Amino acid sequence: KTTKGTVAVNGSIAPLIELGAGFDMDLTARENVFLNGALLGYSRKEMESYYDDIVGFSELHDFMDVPVKNFSSGMIARLGFSIATEVQADILVCDEVLAVGDFMFQQKCHDRMEQMLSGGTTLLFVSHDINQVKQLCKRAIWLDHGVLRGDGPSREVCADYVRAMEAGET
């Protein structure tokens, strides 16, 4: 079982692993937009050009000058998703984060992801949600305790996964 190695990245990466992971809870949402942008490698000037769209997508207009420690987990997720996806990275790493927020925001996130994919962004999507995998991914890799069980078109790999689940093979 491989436990270390190297990765070469040609492009910019936006991690959607734990939304709000780079936030300073004592700072305001506005301050965290710029802090998080800096952590993603963007200048203040670049983040200023993205700011209105980030706020608009997150729908947190009235809360941008409130310390993030006063936010609900859903509000933090909205802000984190808005920042990570507004900067239009070449590679988007997404781990189970689309299950946050209410249905309308989930749909809005899904639409944003579709827009990014159609614009050329590569998505590395980790999920147990078969429907989301089929909707967002052309290719799927099924790992079972670190063992490769499937690799191919997402519909085929997902169907194999469902059959194995139903047969109690996982």
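On one side of helix α6, Arg 155 and Glu 166 are exposed, exposed being over 50% relative accessible area, buried under 20% and partly exposed in between (1.4 Å probe, protein chains only). This is a predicted model, where local features need pLDDT of at least 70, side-chain atom pairs count only at pLDDT 80 or more, and totals for chains, interfaces and linings use all residues. Residues are numbered from 1 along each chain as its sequence is written, and side-chain values use heavy atoms, with hydrogens and water left out. Helices (H or I, at least four residues) and strands (E, at least two) are DSSP runs, numbered from the N terminus.

**Helix α6**

- With 13 residues (154-166), α6 reaches 18 Å from its first C-alpha to its last, close to the 18 Å expected at 1.5 Å a residue; that expected span is 1.5 Å times one less than the number of residues.
- Buried in α6 are Ser 154, Val 157, Cys 158, Tyr 161 and Ala 164.
- Looking down the axis of α6, these buried residues fall within an arc of 125 degrees, so they line one face of the helix; the arc is that of the directions from the helix axis to the C-beta atoms.
- The cover over the buried residues of α6 includes α5 (130-136), β4 (139-144) and β5 (147-153).
- After α6 comes Gly 168, with a positive phi near 75 degrees.

- As background, most residues other than glycine have a negative phi.
- Glu 59 has a positive phi, near 60 degrees, and sits in the loop between α2 (44-58) and α3 (73-86).
- Glu 59 is also partly exposed, at 44% relative accessible area.
- His 145 is another non-glycine residue with a positive phi, near 55 degrees, and you'll find His 145 in the loop between β4 and β5.
- His 145 is exposed, with a relative accessible area of 72%.

**Arg 78 in α3**

- Arg 78 belongs to helix α3 and counts as buried at 14% relative accessibility.
- Setting aside neighbours within four places in sequence, Arg 78 is in contact (heavy atoms within 4.5 Å) with Ser 58, Glu 59, Leu 60, Asp 102 and Phe 105.

**A nonpolar surface patch**

- Val 7, Val 9 and Ile 13 make up a nonpolar patch on the surface, with about 260 Å² of accessible area together.
- Patch members have over 30% relative accessible area and no salt bridge, with like charges joined within 9 Å and nonpolar side chains (Val, Leu, Ile, Met, Phe, Trp, Tyr) within 5 Å.
- A salt bridge here is a side-chain nitrogen of Lys or Arg within 4 Å of a carboxyl oxygen of Asp or Glu.
- Val 9 lies in the segment before β1 (13-16) and is partly exposed, at 39% relative accessible area.

Methods
Accessible areas come from the Shrake-Rupley method with a 1.4 Å probe; for residues, only the protein chains shown count as cover.
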